Each structure stands twice: as structure tokens, then as C-alpha cells.
Amino acid sequence: MDSDTPDSQTVTTETPDTQTVTTETPDSQTITTDTPDPQTVTTDTPDPQTVTTDLETLTLSTDPLTDQFGSLNDVAHELASLQDLATRGSWRSILDKVARARAQSLLHKPHDHLVYFTYNVLALTKLRRFPEAAAEIDSLEDLDSSRYQYESYPKVYPNRVGSMVPFSLRWLYALMPIKLGQRQDGLDRLYCLLDFVRSKIKEKQNNGSVSVWKRREVFVMNGIIGVHLSNKEVSVCLSLINDLLNHDYTDPVLVSKLGYIQMQMGDLEGAKSSFNVVQGLVENEGDASNEFKNIVSRNKALVYMVGKDYVSAVREYEECIEREHNDIVAINNKALCLMYLRDLSDSIKVLENALERVPTVALNETVVVNLCSMYELAYVNHSDIKRTLNSWIARVAPDDFDSSSTRI
């Protein structure tokens, strides 16, 4: 959720990182344009700060689907409350809750400490307090230490074996050097985490939880691709995605990502070919979800935008919005297309209505930057209008929202 504020309009082509922290694969490819002209295609880094904090990743064991828990609170002490605060972006409240639980000795089992520790590091990361988050992680020393194994506490966890380290904590450990500007160290840790995940996939081949680890493989790969993309290492990204696809990951999102990277390289025909594959995958599914249908429509719209056929792009985005009223990617991009068609009034209405209708989804830096850019183009008194928007954001935004996106 930590995203840099661009100085230009941004067309998102995948689900942007919103305040809901239950996304397994972050992905925010964008078209960045210094002028209203999407001919120049760049692929923004899938934000590697995003982590999942739902039951699947902050579970007690490395086999979440084999554990039988009635509720989140059965997993760890008042975990439902922590999850609710995270979903609402109340990161400062999480820090307070963790501090109180520690001070009042409410955490009795080793895994409780690790789960609360993970939320604490996550909150510090979301609030961009990276040195503090790194210091916390370093205090754990070796995550594979025997003291983080269930079998080290047979009286507390009879008949349980394996690591109690949440996957999200391993992800944060790998991510932290990137946030501190230590790119190579971060890449080394990310690739080590990828090896760890792949070892689990081999280990769980005949186990019901293998699908969880495959999703985590894609998740980690997204982070690695994001780091390489930020350094314009496009060929490496292509190689990584093709490697996943060669392992039978016939996933519409992955193949779409391949198309976005091909666009980044200027290979429009290759991108079209990838998008056609995505369409075939979705059509062959028969009872495809609206999410996948919208991916197909957004891919078509992206090709139209590159060709400056904004009217056709608007039509595709409207179809997406009809299927899913909270598809903020389609909403944002429809507004951008209208702006390119010199219909500033309607483009502003599209984003303002989205913020009013689904603020928890629409309130992200990309949408706000674009709306403020439109204000600057449409109104002489844009500073007053942006201040009004800024005041509203201050009341409703999550703790980690970057208020500088209003550019006041």
C-alpha cells in the first residue's frame, strides 16, 4: 500500500493495492503518461510491500488448510480483532493493541507472540517506519531456529510439528532490505524465499495445501518481478513469468502480466497474442467469474488505449463496471479515457462518484492523483477544491494513505 506519487496520470491495468490486506498476488501494472497520451507504456512495479494477513498466511502452521479452526480467534489470541484493524488500515491501533497485549502478558503461547510480532512489523512497514521494522525483524535472528518449531514445545503443542513462523513474516523479512534501499540484499532474500516456497510445493504435492503454496510462489515471484521492473530489467521479468507458465500455471492473471511486460518492451503484437490466450482461457472455463471476464475486457481496453481508440476503451471499461460496480481499475481508466477525449467534466464525475460510493476501494493514491490532475486542468480555483478533498481524505483514509497525493 505504499505507493509513490506519480506526477502524471496513471492508467492501472490490474487491481490496484487497496486497503484490504487479503490479496495473495499484488499486481499494479500501470501505463504512466507525462501527457495524456498512453503510447508510452511502462509497467509499474507490483508493490512488494503488500502482504496477506488473512488466515491462510498468518496461520499457525505451514499447512493452513489441514488445520481445523472454528474462527480466527482459535488461531491466535484475538486474531479477529487484529485482522479487522488491518483490513481497515488502522495500523496505529494495531501497534497500540500489540503493545498492550505484551505489557499485560496476554500472549501465553509461543505462536501468539509470533503472530502479534508479525502484525507489529506489518504495521510499522505500512507506516513507512522501515528502520524500526527492520530492527524488530533482526531481533528474531534465525527464522528457522528450533525455538520457532512446534516440536520444541511438546507440552504446549502435542502431536504438532513444523515451523510456527507465519509466511507473512518471512515475506517481510525478505522485503525489508528493499525498503531500506539495499536492493541486492533484498533480491537475495526474495530468491531464497522463492526456493523455500518451491521446496514446500515439492513436499506437499500429495497434500491438499499445495494450492496455497503455489499461490505463494506466484506472490513471491510478483515481488521479484517488481524489483527487476523498477530497474528496467524487463528481459529478466519475461524469463521469470515464462518459467512460471512453463510449470502449468495457466492463470489468466499471469498471462496478462506477460502481456503487460511485452507492452513495456514495445512488443504490441506479442501482447495481443498473450491477451488472446487469456481470452481463450476464460472462455474455455465456461462458468468464468466476473473477475476473469473483467481481466479480458481490461486487456482489450488497454490495447485500444495504446491505439488511441478511447471510445472503444470506454465501452470495454463500462462493461467491466456493469459486471462489478467496484472495479476501481475500470473506473479509474474510464475516467482517464474520458479525459483524453477532452470530457473533463464527466471524467471528474466518474472518480468523484467512485470515492463517494466505494471509498474503501477507490481511496488509493493513484485515483487521488488522477482526480487532482483533472482538477488542475478543469478549474482555476483547483487549490480550494483539492483542499476540500484533502480534508475529506483526512477523515476517512487509512493510516498509511499518502496525503501528499493531493499535491497541495
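L175 is found in helix α6, where helices are DSSP runs of H or I of at least four residues, and strands are runs of E of at least two, numbered from the N terminus. L175 is buried, at a relative accessible area of 1%. Buried here means under 20% relative accessible area, exposed means over 50%, and partly exposed is in between, with a 1.4 Å probe and protein chains only. L175 and G186 are eleven residues apart along the chain, and their C-alpha atoms are separated by 6.0 Å.

A word on what we are looking at. This is a predicted model, in which local features need pLDDT of at least 70 and side-chain atom pairs count only at pLDDT 80 or more, while totals for chains, interfaces and linings use all residues. Residues are numbered from 1 along each chain as its sequence is written, and side-chain values use heavy atoms, with hydrogens and water left out.

A salt bridge is a side-chain nitrogen of Lys or Arg within 4 Å of a carboxyl oxygen of Asp or Glu. How many salt bridges does the structure hold? The count is 18. One of them joins R170 and D144, with 3.2 Å between the closest N and O atoms. R170 lies in helix α6, residues 167-179, and D144 in the loop between α5 (130-138) and α6, so this pair ties together parts that are 26 residues apart in sequence. R170 counts as buried at 8% relative accessibility, whereas D144 is partly exposed at 48%.

K200 forms a salt bridge with E203, and the closest N and O atoms are 3.8 Å apart. Both residues lie in helix α7, residues 183-203, three residues apart, about one turn of the helix. An α-helix has 3.6 residues a turn, so residues three or four places apart point the same way. K200 counts as buried, with 14% relative accessibility.

A further pair is E376 and K386, whose closest N and O atoms are 2.7 Å apart. E376 is partly exposed at 31% relative accessibility, and K386 is buried at 3%. There is also a network of salt bridges, which links R198, E217 and D243.

Now helix α11. Its 18 residues, 268-285, should span 26 Å at 1.5 Å a residue, and the end C-alpha atoms are 26 Å apart, which agrees. The expected span is 1.5 Å times one less than the number of residues. Which residues of α11 are buried? They are G270, A271, S274, F275, V278 and V282. Seen down the axis, the buried residues fall within an arc of 135°, so they line one face of α11; the arc is that of the directions from the helix axis to the C-beta atoms. On the other side of α11, the exposed residues are E269, N276, E283 and N284. The buried residues pack against α10 (252-264) and α12, where contact means heavy atoms within 4.5 Å. Just after α11, G286 takes a positive phi of about 80°.

That brings us to α12. M305 is in this helix, which covers residues 290-306. M305 is buried, with a relative accessible area of 0%. M305 and C337 are 32 residues apart in sequence, and C-alpha to C-alpha the two are 7.7 Å apart in space. C337 is also buried, at 0%, whereas C192 counts as exposed at 53% relative accessibility. The cut-off applied is a pair of cysteine sulfur atoms within 2.5 Å, and the count comes to zero disulfides.

Last, the aromatic pairs. Rings of Phe, Tyr and Trp (its six-membered ring) pair if their centres lie within 6.5 Å; planes under 30 degrees apart count as stacked, over 60 as edge-to-face, and the rest as tilted. By this rule there are eight aromatic pairs. One of them is Y310 with Y340, a tilted pair at 5.0 Å centre to centre and 45° between the planes. Y310 lies in helix α13 (residues 310-323) and Y340 in helix α14 (residues 328-340), so the pair ties together parts that are 30 residues apart in sequence. Both Y310 and Y340 are buried. Ring pairs also link Y150, Y153 and Y157 into a cluster.
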